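Welcome! Let us take a friendly walk through a structure that may be new to you, one region at a time.

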Amino acid sequence: MRGVRLTRAGLGAEPGGEAELVFAGLDLSLERGGALVVLGPSGGGKTSVLRLLNRLANAEGGAVEVLGRAVTAWPIGELRRRALFVPQVAQLLTDEGTLADELRAPLAWRGRAADDSALQAALQAVGLELPLERPARELSGGQLGRLALARALALEPELLLLDEPTGALDVRTARELLGRLGAWAREQGVTLVLVSHRPQDAASLEAQAVVLLEGRIYGPFPGVELAAGDVDDPAVAAFLGSVAEEGA
Amino acid sequence: MIDIGPSGLALATLLVAVVVGFALATGVNLIKDGLVATARTTLQLLGVGLILNPVFSHERWLWIVGVLGVMTLVAGWTGGRRVERALRGTGVALTVILLAVSALTLAYVTQLVVGVEGPQARYLIPLGGIILGNAMTAGSLAAQRFHDDVREQRGRVEAALGLGASPAQATVRPLRRALRAALTPTLNAMLIVGIVKLPGVMTGQMLGGAEPFRAAKYQIVIMFMLLFGDGLTALLILRWLRARAFNAAWQLRL
């Protein structure tokens with residue numbers, strides 16, 4: 001079964017949201033249980049692709065399919081309980097909560113409880129080895145991003161949509177986190193779509209990658225080849241070149 | 001109660017002139033503000049007094065309901081104008097809510113608590129006015145606060161939605177803050193009433209010759225009545241706004 005499929009999907013400016021590049025006719029496909037990294041320059045619409053998939057935004061024309069059904073055919077609550085979106089800027093869900101409170105808040109929305117060991121396991125899966133009673137406000141930016149990730153893992157999603165989860169991390173930590181995440185997703189059979197501006201992330205995740213450039217999808221390519229710059233297409237090669245320059 | 005004659009009013013105006021003059025001597029020019037405020041206070045209150053005189057002396061339902069209706073429309077328009085930019089239709093919603101809440105509160109207090117018989121303007125109009133004025137402030141404060149908070153915390157709201165929160169779950173914090181903001185003035189007033197200041201109604205009743213203990217009991221009823229009217233208005237406008245702030249696909253529209 002398909003995990004994710006975009007067919008000729010277009011995206012307009014979002015009501016009330018920041019003006020985003022308007023593009024049309026995106027095609028994208030991913031098997032259930034697979035992992036895909038969407039690469040591209042910032043402001044190129046990568047985030048919008050994730051927002052389409054969990055219906056925070058609507059496609060203009062075309063079709064968006066998630067976990068075997070059109071997003072519009074899912075009851076919205078059920079779609080969002082199965083397909084989780086974790087935004088680039090990590091947010092706290094409680095006012096003065098501890099790590100445990102933060103992890104439990106979205107579980108409570110579903111009427112679910114979790115014992116401490118389950119919460120510890122979620123933190124471990126993202127390499128955040130901190131006591132559960134630590135106030136969440138004391139976390140650094142990088143730690144907060146991992147907490148947001150752990151919060152999503154604890155919800156046992158079927159599809160996980162991650163927006164730049166490695167944005168606040170150095171290269172080594174990013175590689176380690178994505179290694180853990182990829183292993184976890186394969187073990188749990190979770191479909192993973194991850195947005196990044198770093199080609200290395202696709203290699204770390206051992207995933208396929210596409211490149212979103214000016215409203216057009218290039219690929220998929222094996223992540224390892226993209227990370228090594230081993231691509232023939234001149235537009236993609238130019239993008240990889242610009243990223244390598246930034247990194248250097 | 002002793003009637004105040006024209007010379008008395010003129011002497012009272014002198015108080016304004018004195019403080020404006022003193023401010024001027026200190027280097028602050030309040031002449032224009034003072035003049036406008038004095039003129040508006042005088043004209044508005046004399047006008048209301050003149051209009052209410054016959055309403056009070058005739059004691060007819062139609063007149064009383066008419067005056068209360070006009071007051072509600074003015075309150076809805078004033079409060080609504082402030083929140084209309086939040087979301088189209090908020091002004092109308094606030095007017096409808098004010099009408100329902102103040103009618104309910106006024107009926108309960110006058111008929112069941114106080115036991116007013118017949119169309120007695122001296123109970124219905126002052127009590128209705130207090131309910132309306134306070135509920136209008138509470139409602140527009142709640143609506144503005146909720147709107148601003150949700151816009152400002154858009155990232156937080158969407159982070160919650162993205163994890164499967166319903167609109168109500170995703171906005172529980174802005175809603176809580178908005179309700180607190182709307183009710184804090186009344187709750188604070190309930191803490192200090194009678195100790196730090198004597199409220200206007202109690203003062204008025206005592207000026208009118210009422211025995212302080214009797215006036216105090218009225219003030220107790222009024223405080224509870226205000227908390228009810230403010231709270232119900234704020235809760236209803238917040239629930240309305242929350243429902244309108246999202247579409248059927250649980251996407252934030254603000």
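How many bridges join strand β3 of chain A to β8(A), and do the two run parallel or antiparallel? Five bridges join them, and β3(A), residues 35-39, runs parallel to β8(A). Please keep in mind that this is a predicted model.

**Strand β8 and its partners**

β8(A) spans residues 191-196, and six of its six residues are buried. Both of its faces are covered: A:T191, A:V193 and A:V195 are buried on one side, and A:L192, A:L194 and A:S196 are buried on the other. Besides β3(A), strand β7 of chain A, residues 159-163, pairs with β8(A) in the parallel sense, also over five bridges.

| Strands | Sense | Bridges | Residue pair |
|---|---|---|---|
| β1(A) and β2(A) | antiparallel | six bridges | A:R2 and A:E31 |

To get from β7(A) to β8(A), look for helix α6 of chain A, residues 171-188: the three elements make a right-handed β-α-β unit.

**The open sheet**

Now turn to β1(A) and β2(A). They belong to an open sheet of four strands in chain A, with the order β2-β1-β4-β5 and antiparallel pairing. Its edge strands are β2(A), residues 23-31, and β5(A), residues 69-70, each of which pairs on one side only. Helix α1 of chain A, residues 46-53, lies across β1(A) and β4(A) and runs at about 120 degrees to β1(A).

Helix α3 of chain A covers residues 99-109, and its buried residues are A:L99, A:E102, A:L103, A:R104, A:P106 and A:W109. What covers them? The cover includes α4 and α5 of chain A, together with α7 of chain B. After α3(A) comes A:G111, with a positive phi near 70 degrees.

In soluble globular proteins, nonpolar side chains tend to be buried together. Here, the largest nonpolar core holds 131 residues, and those that touch the most other members are A:L53, A:A150, A:L161, A:V193, B:A142, B:I237 and B:L238. Helix α5 of chain B, residues 121-152, gives this core its largest share, 15 residues. A:A150 has contacts beyond its neighbours within four places in sequence, and they include A:L103, A:A122 and A:V126.

**A closer look at A:G142**

A:G142 is found in helix α5 of chain A. Why does A:G142 count as partly exposed? It has 18 other C-beta atoms within 10 Å, and a residue is called buried only at 20 or more and exposed at 12 or fewer, so A:G142 falls in between. Leaving aside neighbours within four places in sequence, A:G142 is in contact with A:A168 and A:L169. A:A174 is 32 residues away from A:G142 in sequence, with 10 Å between their C-alpha atoms.

**Where the chains meet**

Finally, 23 residues of chain A are in contact with 19 residues of chain B. On the chain A side, the elements that give two or more residues are α2, β6, α3 and α5. The largest share, four residues, comes from α2(A). By class, this side has 13 nonpolar, four polar and six charged residues.

Technical notes
Residues numbered from 1 in each chain as written. Chains lettered and ligands numbered in written order. Predicted model: local features only at pLDDT ≥ 70, side-chain atom pairs only at ≥ 80, totals over all residues. Contact = placed C-beta atoms within 7 Å. Pairing = 2+ DSSP bridges. Right-handed = clockwise from strand over helix to strand, strands pointing away. Core = buried A, V, L, I, M, F, W, Y, C linked by C-beta atoms within 7 Å. Axes fitted to C-alpha atoms, helices over the stretch in contact; angles between N-to-C directions. Nonpolar A, V, L, I, M, F, W, Y, C, P; charged D, E, K, R; others polar.
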